[in-house]
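This report goes through one protein chain by topic. Please look at the sequence and the structure before reading on.

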Amino acid sequence: MMDWTDRHCRSFHRTLSAHARLYTEMLTAGAVLHGDRERLLGFDAAQHPVALQLGGSDPAALAAAARIGAEFGYDEINLNVGCPSDRVRNGRFGACLMRDPELVARCVAAIGEAVSVPVTVKCRIGVDDQDPETSLFGLVDRCAGAGVGVFIVHARKAWLEGLSPKQNRDVPPLDYPLVHRLKRERPGLTIVLNGGLANLDDTLAQMGDVDGVMLGRGAYHDPGLLGAVDRKLFNPATPEISPEDAVRSYLPYVESELARGTRLAAMTRHMLGLFQGRPGARAWRRILTVESLAPGAGVEVIERALAVIATAAESPALASVA
């Protein structure tokens, strides 16, 4: 989720669920050590619980970056061993590390020695011509031996040769049964399923076979579904959060960030899919996309877009031509 789940996105998603654990976009150890740390790592306290996801293959650098993340207050350090982007192919991290489970184990051991918060791993079931049973179980066992107890498994292979990063999100077939088997055969580990989960019905259907689920692009493109997460996955007595309520809850954060010099478009870009499938959704997207770019644009843009949604709910016919 590089360039997607930044601090603004996470603050917005938190308005929809109080209990879901949020993850940063993958940040390389080098970026954390040498970049603008406040911009990369700073986050609003309301985001807790929130995990820092790191990329890299140098145990010492990862340990140093994890220590900085823990000092910033992150509740978990996650090592990404599943991203198939061009950047990771060139940098020997992400999914490339599935080929070297011993190195991954050394990385997580070094991180574990550097921080007191939990260390977790996000991986694929294998890469290229690896046998998924051998690659997945081998990686998990080595990392578990190094102290990792939580694994987030994207239930697809990553084809680093022959498929683009975009194709790697959809083309390799999903193998949920293999992840289910991992949980059955390693019952002492916490296994979280990722990949292909686009709605809460699909998510709930998996909860009998694994300990948790991770929603990525499904939640980003249709964030409104997160409004039911707390009720369906955590506490049936919890009321669902409507998209309208989420927007209103987000406005104080937007105002505070605008006062710090953040551009409105940097915050509204994460809200475009909020009213997906509802009357007025197209106008909502258009207003936020176009008007947020204007110099000096403020919360009045969001309020105007929200008013269009309210009008559309009363007069759907008008919304269809908006």
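Which residues form one aromatic cluster? The cluster is made up of Phe12, Tyr250 and Tyr253.

## Basis of the report

The model is predicted: local features need pLDDT of at least 70, side-chain atom pairs count only at pLDDT 80 or more, and totals for chains, interfaces and linings use all residues. Residues are numbered from 1 along each chain as its sequence is written, and side-chain values use heavy atoms, with hydrogens and water left out.

## The chain as a whole

The chain has 16 helices and eight strands; these are DSSP runs numbered from the N terminus, with helices being H or I of at least four residues and strands E of at least two. With a radius of gyration of 20 Å, close to the 20 Å that the globule rule gives for 322 residues, the chain is as compact as a globular protein of that length. The radius is taken over C-alpha atoms, and the rule is 2.2 Å times the number of residues to the power 0.38. The C-alpha trace spans about 60 × 40 × 40 Å along its principal axes.

Of the 322 residues, 53% count as buried, where buried means under 20% relative accessible area, exposed over 50% and partly exposed in between (1.4 Å probe, protein chains only). Among contacts (heavy atoms within 4.5 Å) between residues at least 6 apart in sequence, 70% join residues at least 24 apart.

## Aromatic pairs

A pair of aromatic rings is described by the distance of the centres and the angle of the planes. Rings of Phe, Tyr and Trp (its six-membered ring) pair if their centres lie within 6.5 Å; planes under 30 degrees apart count as stacked, over 60 as edge-to-face and the rest as tilted. The structure holds four such pairs. In one of them, Phe12 and Tyr250, the ring centres are 5.2 Å apart and the planes are at 50°, so the pair is tilted. This pair links distant parts of the chain, 238 residues apart: Phe12 is in helix α1 (residues 7–14) and Tyr250 in helix α12 (residues 243–259). Both Phe12 and Tyr250 are buried.

Phe275 and Trp284 have ring centres 4.8 Å apart and planes at 75°, so this pair is edge-to-face. Phe275 counts as buried at 1% relative accessibility, and Trp284 counts as buried at 0%.

## Backbone details

Most residues other than glycine have a negative phi, and most peptide bonds are trans. The peptide bond from His48 to Pro49 is cis, with omega near 0°. Pro49 lies in the loop between α3 (37–41) and β3 (50–55).

Asp128, a residue other than glycine, has a positive phi near 50°. Asp128 is in the loop between β5 (119–127) and α7 (132–145), and counts as buried at 7% relative accessibility.
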